[in-house]
Every structure is written in structure tokens, then in C-alpha cells.
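Please read this note beside the sequence and the model.

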Amino acid sequence: MKKSGGRKILFATPECAPWVKTGGLGDVAAALPEALCRLGHDVRLLMPAYPWVKVQARGARRAGTIPAYNGLPGCTLLQTRMPNGVPIWLIDCPEMYERHGGAYLDTNGVDFADNHLRFGLLSRVAAILASDGSPLSWRPQVLHCHDWTTGLAPAYLKFWQQPVPSVMTIHNLAFQGLFDMSTADVLDVPPAARGVDGVEFWGRLSFLKAGLFYADCITTVSPTYAAEIQREPLGFGLQGLLSGRQAQLQGILNGIDTTVWDSSVDPLIAEHYGLDTLSAKSGNRRALRAKLGLAQDADAMLIGMVTRLTGQKGIDLVLEAMERLLTLPVQLVVLGSGDRAFEEAFRALAVRMPQRVATVIGFDESLAHLIEAGADAFLMPSRFEPCGLNQMYSQRYGTPPIVHATGGLADSVVDETDGENASGFVFNQPTAVALLDAVDRAVATYRRPERWVRLQRNGMMRDFSWTASAAQYAALYERVIEG
Ligand code: ADP
Ligand code: GLC
């Protein structure tokens, strides 16, 4: 399958679906390398060997070792392939990764106290594999890092004067990996790099800033977010650095895995359907309502949400709008987890109105698919959204999204009033009033089936596959390789 001219790219990531996924980064780290491989590139992944990953990767072979250094323990590299065929090295270091909890948080939902070491090790191993000191014979031509957990890797390459270029992709600027500057010793950050022209951010050591400062090129996951992070408030204090590096900053819209998200074959939904069999979609609505105990109410528009329940996702706006929202002929199904107060508020609503509101707290891939297929409309009122994947899944599933015009939501949804290609409802201000107005418009449109079907069909026909985005990354790799 590999064509000549393919480049060798190492992806360093803290998560990769289906083995590790806390959000969209897990999806991207799986699907983008696969799409690049299809274009003829040789892409390989590097990720920590969390205990549940080691169970999945039982046949992995030992490919090399990296000795302990300074305050970071030694580790073994295990080599295997992800289910999609992309090769991966897992960093086996029981001292760092084999514990109860998730990738970042302990069982109480609190950050592991030594995350600077856990992800300092990930960053350091990534840089080693891209440098002269690598124990492997395979050497990448570009090191591609994702989010703060890999942010020190571009810095190490520069500290060690290694020529391999690095790309730093921002999936979410709100998570920066900030630690006390005293960690610089154990992380082996030289004194000269501990100031503002280096890893320092308001007196602390910032993994993400390190990546943004030292990487040869920066990308983020939508063109609108690339513009938004160059100013307040979405620059989260890094707007100066980012606007200063504007020439090396590019927004590339994520794609989605259109084989996993295909309503004509999706094994996780109740009834298959497509452009020519749209009416079969209603079987999924019936199944979803039945599963969650909602009334089979022919008049109500069923609104779905699948989301982290956090401030970023505009959950407070939904709660603020709730009483008035429920004066409209709508039902709501919410699947998510996050802030305890939000979880409780949605639980209480479902207890109060079990026929109209269903709340499922947790992470449930199957239910997420059934919601995308069974809901009539999909609500995503994020205050900010670097890209967002659910609004693309929902368009592909004929479930028009209702979104706030920010980041990737603005780049992937066309408002109902915006001409021939309209595929959803977009509101401009992150307020409960604007959200209600958009839901109101959706309800009115839902009452006019020919207009609703036009939105559904437009969304289903959009090309959200990775092909175009992967080609943009490939072009970027060429530019950084050529210097
Ligand atoms: P973010 O990464 O900021 O959470 P994205 O929209 O990029 O947002 O990606 C979220 C991904 O995680 C999507 O694939 C979505 O379906 C999935 N997801 C989020 N919450 C849940 C949940 N509670 N159960 C199942 N899938 C979820
Ligand atoms: C982050 C962002 C989300 C984006 C995802 C994948 O989690 O919050 O908007 O889609 O990364 O890039």
C-alpha cells in the first residue's frame, strides 16, 4: 500500500482509540495516522502502556529499552499494532503507568500528583526516538506531538540540538500542564530555558508552552480556533506567543472515521438507514426512547447530547435555559460525565420529568451511537470548541446540530438561514437566550418536513472524511522537512 515519497512520522500521544479515549484526541490519534498511511506515509504511534492497554496488546514484543535518567525511570518499548493496523510503541514503565484510575486521573477523579513525571517520560521517550540516541533503527523525519502531555518533546529536541523537526498540535488550549518550576530539575530543563523565552508561564513550568515555543510548526484542529487562540479570552494567556508565531500556526479541521460512523452499517444502532432510506431513522428514535423510558411522543422533537459535562461545553447554558426549553415540544437525552454539580442537575431533571428528560452519567460508546442515530437534533452549545466531533457525527447521521458559532462548530455547521448547504442551527452568543432562540428555530423547522429533510440530507452528504485533512498534514510535513 505504501507509495514512494512517503514520510516517516512519529505521533506522540497520551491516548488512542479504541484502547484509550477520554475525548476527541483519542479518535484523532487513531484515525489521522491511518489516513496518512493510506496516503503512503509511514506513521507510527508512541503512547504509555497503561495497564488496560497492556491487556489489549498481549502479543506485543520488546523492541528496546531506555535507561533511567536523572529523576525519570527507565522503560521498555513494546511494539505492536493498533486494531486499525497502525504500528505503535508502548512505553512500559510500571512505576509510572500501572496504577488504578485512568490515563490522567486517579480513581477519585484527581490528577495524579506525579503527572509531570508520567508525561515528562512520554515527552522524553518521544524525543529520544527522534534523535541519535534512539534504541530503534526506525527514525522519524517529523515528530508530531499532541497536547500538553507531549509538550516537552519539541523542547528536548532543541536542547539536545537534534535536527528532526517537530509539529505541535493543540487539541485544547485550556489544558496546559502547569507545574512548579522546581520540577525543571528532574525534567532536565536547562536553566537557560526556564525563563519567558522557554518553558516558563507566569512563574510555573508549562508543558504546553514548551511545545508551542520550541516546535517548528504549530497546528490546531480548526481554522476558526486558530484565529480565536491568538486573542483573549481563548488564548488562555498564550495569545501573545501564538500571534507572534502566526506564520507557523495553521488550523486544519479534523475529520471523522466514516467507517465507524456510518449509519448504513453501524452495528451499535437499532435500524440501519442512509440517504435513500431516511425514514428508517425513526426506528432508532423509537429504540432510544424505549431504552431510556422516554414517552413515545409523536409531537416532541428529541434533542440529544453526548458530551463531557464541563463549562467548556456550555452545560451551564443548557441548565439555565432548561425551564423555558421544556415549555417547547421537546425531549432531551443527555449522556456524559464531568463536573459533579452538572451531573446532579441533569439527574434531578430526569427524576422530575422521566418522560421528557433522560440522563445517563458515564461513558458509553454504544449509547453514543444510538443517540446520534435516534435523536432528531443534536445540541452542542460549547463556549469554545477547538474542533468538536459530535456535530460531524450528527450531520452524517441525519441529526441536524444546534451549535454555538465557535471554533470547529463554526467551521463545520451551516445555519438554516444560510442558503443551499444549510445543515443545522448556529447561534452567535454563548447565552441561554441565544440557545433558546436556536432551539425554537429548530422546532419550527422540524414542523416543516421538507425543510427538515433538506437539512438532514445536506449534512449527510458533507464530506467529513479524513482524506482532505490528512493531505493538509502531509503538505505541512513536507514544509517542515524542507525547513
Ligand atoms: P472533546 O474531546 O472536547 O470531549 P469532541 O467532540 O472532540 O470533544 O470528542 C468527544 C468524543 O468523545 C466523541 O467521539 C464523543 O462521541 C465521545 N464522547 C464524549 N462523551 C462521551 C460519553 N459520555 N460516552 C460516549 N462517548 C462520549
Ligand atoms: C479536544 C477538543 C475538541 C476536539 C478534540 C480533537 O478534546 O476539546 O474540540 O475535537 O480535542 O481534536
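**Notes on a helix and a ligand site**

1. In this predicted model, helix α13 (residues 365-374) is mostly covered, with eight of its ten residues buried; buried means under 20% relative accessible area, with a 1.4 Å probe and protein chains only, and helices (H or I, at least four residues) and strands (E, at least two) are DSSP runs numbered from the N terminus. Residues are numbered from 1 along each chain as its sequence is written, and local features need pLDDT of at least 70, while side-chain atom pairs count only at pLDDT 80 or more.

2. The buried residues of α13, among them Leu367, His369 and Glu372, pack against α10 (281-292), β13 (301-309), β14 (330-338), β15 (357-361), β16 (377-380) and α14 (390-396), where contact means heavy atoms within 4.5 Å.

3. Ligand 2 is surrounded by 13 residues, the closest being His171, Asn254, Glu385, Cys387 and Gly388; a residue is counted if one of its heavy atoms lies within 4 Å. By class, this shell around ligand 2 has five nonpolar, six polar and two charged residues, and helix α1 (residues 24-38) gives the most to it, with three residues.

4. Oxygen atoms of ligand 2 lie 2.5 Å from a polar side-chain atom of Glu385 and 2.7 Å from a polar backbone atom of Gly388. Taken alone, ligand 2 exposes 310 Å², and the protein buries 92% of that.

Conventions:
Chains are lettered from A and ligands numbered from 1 in the order in which they are written. Side-chain values use heavy atoms; hydrogens and water are left out. Buried means under 20% relative accessible area, exposed over 50%, partly exposed in between (1.4 Å probe, protein chains only). A polar contact is a pair of N or O atoms within 3.5 Å; within protein, one must be able to donate a hydrogen and the other to accept it, and residues adjacent in sequence count only if both atoms are side-chain atoms. Accessible areas come from the Shrake-Rupley method with a 1.4 Å probe; for residues, only the protein chains shown count as cover. Ala, Val, Leu, Ile, Met, Phe, Trp, Tyr, Cys and Pro count as nonpolar, Asp, Glu, Lys and Arg as charged, and the others, Gly among them, as polar.
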